[in-house]
Amino acid sequence: MDKQRKMQDRKIISFIPDGEFYYNKALQAMQRDRFEDAHRYLKRATELSPNNSDILMQYGVLVMEEGRFEEAHELLMAAHTLAPSEEEIIFYLAEVHAHLGMLRDAKLYAEKYISLAPDGPFADESMEIIDFAEQEESFYEDDEMPDGEAYFLQEKARSLMESGKFKEAVELLESIIVDYPEFWAAYNNLALAYFYVGKTVQASELLHDILSNNKGNIHALCNLAVFYYYEKKEEDLASLLELLVKIKPYQFEHRYKLGATFALVGRHKEAYNWLRSLQKRGFQGDAGYYFWLAHCAYFSGHEEVAREAYATLVDMDPTKVGYEPWKDVQSDIQADSLEQDREFLLGKIQNTYRSERMFGFYLLGKSGHKQEIISHPSYIDVDKLTDVEQLFLMSGIDYDFMPEMAFNQSFLRALETTDLLYAKYRPLDKQASHLFQMWFTLCETALSRSFLFRNPAALAAAADYMFQSSRYSGVTKTAIAREFGISVPTLTKYVGELIEFLPQFDA
């Protein structure tokens, strides 16, 4: 009995899955549309059989379909080294080089495939790659296009930047421009990398060097606009945007760059015109393209297009769920409401008066511009805000307050009062904004004097009555009190309390 069990154990232990085993498992998973399993199996297969060209090719193709073109390039090149005459590998090399923008190499591999398999299963696709490469090359002078290695290194640097490895990206890009002194795309990416690591002076100088040697370089002009935007150089930005508005590029890449730049700096109408025109011409963009299209479409009043674009984005990148520009924005907040007026919001949150900033921070929580403005590195310096300003800012970004603190209790009731006023006047127009300017002036003073805000409904009614009776005839306490569900004596009492917080002027 023991001998039989030992024989069974030996048989079980002797089975050690190899690369071929996982490769076959991956093929079965792909036939059943279980691509996550296929990815896992192929990754394991390449680890166990790193010299199997079929496994490397299949994994490279799967990775390429996921949009990870640099990784796919490395896998397919490794497969090609092992099997230099394999026709299928050569075709996929043509395809991945086309995706990477390495058009000369893409054309060479496609032509090689045609020479080896003129009637092969990928002959038509190879001819399409050749035609596309020839069309694109017609826009460049012979000395404008670096070889495939430069493009590949640049894409590698871009991937490093996207993963936050800016120091490594800087080193790689600096080496590229030494070897390719007129490869302007590498210069532009190096300028961005400098900017991200805080070397803003070097970044701007590099862009100006590009423009002095390659006048009208659209990427450099757009990058410079982005720098001005983040550095709040409003006059420089406005001047440069006047120039960018006049540019009418032919290439899709340049149109995309212009559209994304206009979207980032808040010129949504211009951004929408460029990005939407690309979509109408059959352009199939990346996740970034659909992100910017969704934003500029939403803020320029094209909500249906925005929602369709964001749905496409989520299909590409499920992590973007919850970052929609309309998230937490109610359906009655239209594009022409003050909540959606980006310049109005910026004017408030950057105002010299604290009460105006409090108003801006409160309204920011109701706006689709919330994510953009909060994430801007220089719009809001939280460390310089007073406690009250921080509380109004946090109220708009779903901060959990601590109601056991006395000040927070007063603030919560002040916030409830504000919400009651907002519920009546939303979405805000210019006239309603004057009410809120008055209210936040009162609120600032009341909080500074430790006012308890005991009855939010009565306080909201009092503020509304004070505002309306000062501007319109026929306003009665009875009507206002009924609207907020309080009595007239209660309204009168709280009007008297709020009057104490009006600004006092010397005679």
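Mentor: Start with a definition: buried means under 20% relative accessible area, exposed means over 50%, and partly exposed lies in between. Keep in mind that this is a predicted model.

Now the rings. The structure holds 26 aromatic pairs. One of them joins F291 and W292. Their centres lie 5.0 Å apart, with 80° between the planes, and the pair is edge-to-face. W292 has 22% relative accessibility, so W292 counts as partly exposed. F291 is partly exposed too, with a relative accessible area of 22%.

Compare the rings of F451 and F501. Their centres are 5.0 Å apart and their planes stand at 65°, so this pair is also edge-to-face. It links distant parts of the chain, 50 residues apart. F451 sits in the loop between α24 (430-448) and α25 (456-469). F501 sits in the segment after α27 (488-499). F451 has a relative accessible area of 15%, so F451 is buried. F501 is buried as well, at 8% relative accessibility.

Ring pairs also build a cluster. It takes in F344, F359, Y362, F392, F411, Y422, F436 and F440.

Next, a helix. α18 covers residues 303-316, which makes 14 residues. From first C-alpha to last, α18 reaches 20 Å, close to the 20 Å expected at 1.5 Å a residue. Its buried residues are V305, A306, A309, Y310 and L313. They cover an arc of only 125° around the axis, so they lie on the same side of α18. On the other side, E304 and D315 are exposed. What covers the buried residues of α18? The cover includes α16 (268-280) and α17 (287-299).

Then a single residue. N189 is found in helix α11, residues 184-196. Its relative accessibility is 14%, so N189 counts as buried. Leaving out residues up to four places away in sequence, N189 touches Q154, M161 and L173.

Finally, step back to the whole protein chain. Its secondary structure comes to 27 helices and 0 strands. Buried residues make up 47% of its 507 residues. Take the contacts with a separation of 6 or more: residues 24 or more positions apart account for 56% of them. The accessible surface comes to about 26,700 Å², and 50% of that belongs to carbon and sulfur atoms.

Definitions and conventions:
Residues are numbered from 1 along each chain as its sequence is written. This is a predicted model: local features need pLDDT of at least 70, side-chain atom pairs count only at pLDDT 80 or more; totals for chains, interfaces and linings use all residues. Side-chain values use heavy atoms; hydrogens and water are left out. Helices (H or I, at least four residues) and strands (E, at least two) are DSSP runs, numbered from the N terminus. The expected span of a helix is 1.5 Å times one less than its number of residues. Buried means under 20% relative accessible area, exposed over 50%, partly exposed in between (1.4 Å probe, protein chains only). The arc is that of the directions from the helix axis to the C-beta atoms. Contact means heavy atoms within 4.5 Å. Accessible areas come from the Shrake-Rupley method with a 1.4 Å probe; for residues, only the protein chains shown count as cover. Rings of Phe, Tyr and Trp (its six-membered ring) pair if their centres lie within 6.5 Å; planes under 30 degrees apart count as stacked, over 60 as edge-to-face and the rest as tilted.
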